[in-house]
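Please read them with the structure open beside you.

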Amino acid sequence: MNDNNPAGQGATRPVTVADVLALPVLAAGRPQVVTGVPHLDRPVRWVHITELTDPASFLKGGELVLTTGMPLPQDASGVRRYVDELADVGAAALVIELVRRYHRPPDTLVDASRLRGLPLVTLAKDVNFLEVTQVVHALLLGNQTDAMRRTQRIHEAFTALTLRGAGPEDVMRAAAEMSGHTVVLENLVHQALICAPSGGAMEEALTDWEQRSRATGPGDHTAICGPEGWLTTPVEYQGERWGRVAMLPTRTDDGPAFGPQDITVLERTAMALTVARLIHPTPWERTAHRNALRDLVEQRHRSAQDARARCAALGLPTDRDRFVAILVDLRAGDWGPGLETRLFEDLRTAGVSALVGELAPGRLGILLAPRLSQPWRPIVERLCGTALSLAPQAVVTVGSEVTHLSDTARSFREAARVVEATPPGQPLPPDRSFHELSDIGLRRLLYALREDTRIQEYAEQQLGRLIDYDTQHGTDLLATLRHYLEAAGNKTNAARRGGLSRDTMYQRLRTIERLLDRDLESGEQRTELHTALTARDVFRAH
């Protein structure tokens with residue numbers, strides 16, 4: 001058994017007619033399938049030896065019927081009745097030995113079996129039916145014992161998940177691992193909230209999810225349904241249905257797509273999800289948005305196709321060519337009550353498709369996918385109004401508009417850089433309520449880099465000797481330098497700013513040049529000193 005598959009699903013396939021015919025004890029009789037080849041995947045529940053003319057009265061369905069052919073009726077109508085009764089009761093197959101009475105199967109038997117789809121198998125050599133019974137029954141009983149053990153392990157695994165308070169992602173991941181199938185949790189509007197893929201890519205599972213899900217009608221109990229043959233079961237919370245779990249068949253399924261253990265896994269998954277919803281009260285639609293956004297920002301998807309399929313399954317139109325990343329940064333404390341939900345409701349009321357979710361404590365992310373006819377700036381202004389009314393200290397920043405979903409990580413990074421470059425209390429631009437990349441000037445850039453020791457060393461290297469001189473001599477040459485730099489090198493304006501005479505200004509500037517070994521007539525060197533002075537102001541203010 002695969003250690004990664006606690007349920008042991010690889011061994012749960014029932015014993016079929018084809019399996020029994022391949023056993024050495026039957027293969028020795030040189031079996032030949034005369035009719036019913038497409039039905040050799042029927043499960044065999046038991047083996048029944050009979051020499052009666054009406055064996056069906058002793059059967060319950062699923063039996064492999066062994067006979068020497070001696071009791072077969074002589075007349076055609078009797079043969080047809082014999083086959084009809086076996087087919088009606090659900091016999092798995094009829095195996096007839098061509099040694100004693102017949103050397104070729106009667107045409108009436110072949111025709112009747114073909115008409116009813118009953119597998120008819122002939123044996124060209126004598127076979128010990130009792131030995132066949134012993135071997136097959138031992139195999140069946142062993143399978144039943146293994147199935148019981150696997151079912152017990154399934155129950156134990158889900159009980160452990162529930163006792164440790166596992167979240168929905170953990171539950172779904174366990175279901176996929178135990179079953180070997182992709183498992184998807186969706187809500188009532190056919191949005192895929194959680195997809196736990198098994199083997200294949202998420203794109204394969206979630207592409208066109210809503211359309212495919214709607215084609216798979218709802219059911220009141222666990223059942224295989226829809227054109228793709230999904231195994232589904234409803235999920236309830238406080239007595240009301242709110243979604244369902246779907247287990248998808250795999251392309252490698254040979255025989256029945258799902259076995260009894262798959263049903264057990266799916267039903268236990270639904271139960272564990274109900275308990276998880278009690279423990280984790282945050283609406284799972286919001287959690288799904290958060291996880292999708294975080295994976296986009298951190299680029300954790302296996303491929304761009306997987307990212308598109310996942311976001312589309314949550315209702316974001318990924319075929320649009322306009323995406324805008326927005327960050328709402330609280331700076332300190334907790335979100336106001338229901339801010340995340342309020343922003344999502346604002347967007348839905350405005351008819352704007354978006355994902356909304358918390359990316360980190362105190363930082364909310366929004367990914368807009370506006371239509372071509374929807375200018376995004378008024379939308380952001382509306383969100384700013386809601387955010388600032390509930391959290392006045394929040395800072396709203398916007399990244400660049402991008403044309404592909406795969407580029408949204410860059411837009412979010414830009415918005416994050418704007419957040420980092422926005423000091424507390426930074427006034428808003430006069431024409432809008434949010435900040436964007438074009439707002440970052442020298443002071444805000446240095447604020448964003450204030451923790452970088454290279455910037456700190458640079459400022460000290462440029463100005464340290466001048467500051468030390470002021471400290472030792474009680475002078476204020478640093479202020480004189482500031483006035484000179486702010487006057488763009490105009491000495492007259494600098495003297496006026498500092499309330500000094502021109503001669504005093506000239507004398508002080510010469511002292512500054514000597515102390516710093518700088519030429520203040522050089523525009524490049526003035527820029528270097530102005531940058532260092534601005535960096536020092538940032539350090540001292542924040």
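1. A residue counts as exposed when its relative accessible area is over 50% and as buried when that area is under 20%, with partly exposed in between. Gln299 has a relative accessibility of 52%, so it counts as exposed. The model is a predicted one, and every value below should be read with that in mind.

2. Gln299 is also worth a look for its backbone. Its phi is positive, about 55 degrees, although Gln299 is not a glycine. The residue is found in the loop between H10 and H11.

3. Asp517 can be read in the same way. Asp517 is not a glycine, yet it has a positive phi of about 55 degrees. Its place is the loop between helix H19 (502-516) and helix H20 (523-541). With a relative accessibility of 64%, Asp517 counts as exposed, because the cut-off for exposed is over 50%.

4. How many aromatic pairs does the structure hold? There are three aromatic pairs. One of them is formed by Trp209 and Trp230, with 4.7 Å from centre to centre and 10 degrees between the planes, and it is stacked. Trp209 belongs to helix H8 (residues 209-214) and Trp230 to strand S9 (residues 230-237), so the pair ties together parts that are 21 residues apart in sequence. Trp209 is buried, at a relative accessible area of 2%, and Trp230 is buried at 0% relative accessibility.

5. Trp376 and Phe434 also form a pair. Their ring centres are 6.4 Å apart and their planes stand at 45 degrees, so this pair is tilted. The reasoning rests on the cut-offs: planes under 30 degrees apart count as stacked, over 60 as edge-to-face, and the rest as tilted. The pair links distant parts of the chain, 58 residues apart: Trp376 is in helix H13 (residues 376-390), and Phe434 is in the loop between helix H14 (408-420) and strand S15 (435-436). Both Trp376 and Phe434 are buried.

6. The charged end of Arg432 sits over the ring of Phe434, 5.5 Å from the ring centre. Elsewhere, Arg277 lies over the face of Trp242, 4.2 Å from the centre of that ring.

7. Does the length of helix H16 agree or disagree with what its residue count predicts? Helix H16 (residues 453-473) has 21 residues, which at 1.5 Å a residue should span 30 Å; the end C-alpha atoms are 29 Å apart, which agrees. The expected span is 1.5 Å times one less than the number of residues. Leu463 is buried, and other buried residues of H16 include Ile455, Ala459, Gln462 and Leu466. After H16 comes Gly474, with a positive phi near 70 degrees.

8. The next point is about empty space. Rolling a probe the size of a water molecule over the atoms shows where such space is left. The largest pocket has a volume of about 460 Å³. Its lining consists of 23 residues, and those nearest the pocket centre are Cys195, Ala196, Pro197, Met202 and Arg310. Which helices and strands each supply at least two residues of the lining? They are helix H6 (168-179), strand S7 (192-196), helix H7 (202-206), helix H10 (284-297) and helix H11 (304-313).

9. Asn128, found in the loop between strand S5 (120-123) and helix H5 (129-163), is partly exposed at 45% relative accessibility. Asn128 and Ser113 are 15 residues apart along the chain, and their C-alpha atoms are separated by 24 Å. Leu330 is in the loop between strand S11 (324-329) and helix H12 (339-349) and is buried, at 1% relative accessibility. Between the C-alpha atoms of Leu330 and Ala223, 107 residues apart along the chain, the separation is 47 Å.

10. From Leu161 to Val380 the separation is 41 Å, C-alpha to C-alpha, and the two are 219 residues apart in sequence.

Terms used: Residues numbered from 1 in each chain as written. Predicted model: local features only at pLDDT ≥ 70, side-chain atom pairs only at ≥ 80, totals over all residues. Heavy atoms only, no water. Phe/Tyr/Trp six-rings, centres within 6.5 Å; stacked < 30°, edge-to-face > 60°. Helix = DSSP H or I, 4+ residues; strand = E, 2+ residues; numbered from the N terminus. Buried < 20%, exposed > 50% of the residue type's maximum accessible area, 1.4 Å probe, protein only. Lys NZ or Arg CZ within 6 Å of the ring centre and 35° of its normal. 1 Å grid on protein atoms, 1.4 Å probe; cavity = no way out; pocket = protein on both sides within 12 Å on 5 of 7 lines; lining within 4 Å. Points joined across faces, edges and corners; volume = space filled by probe spheres on them.
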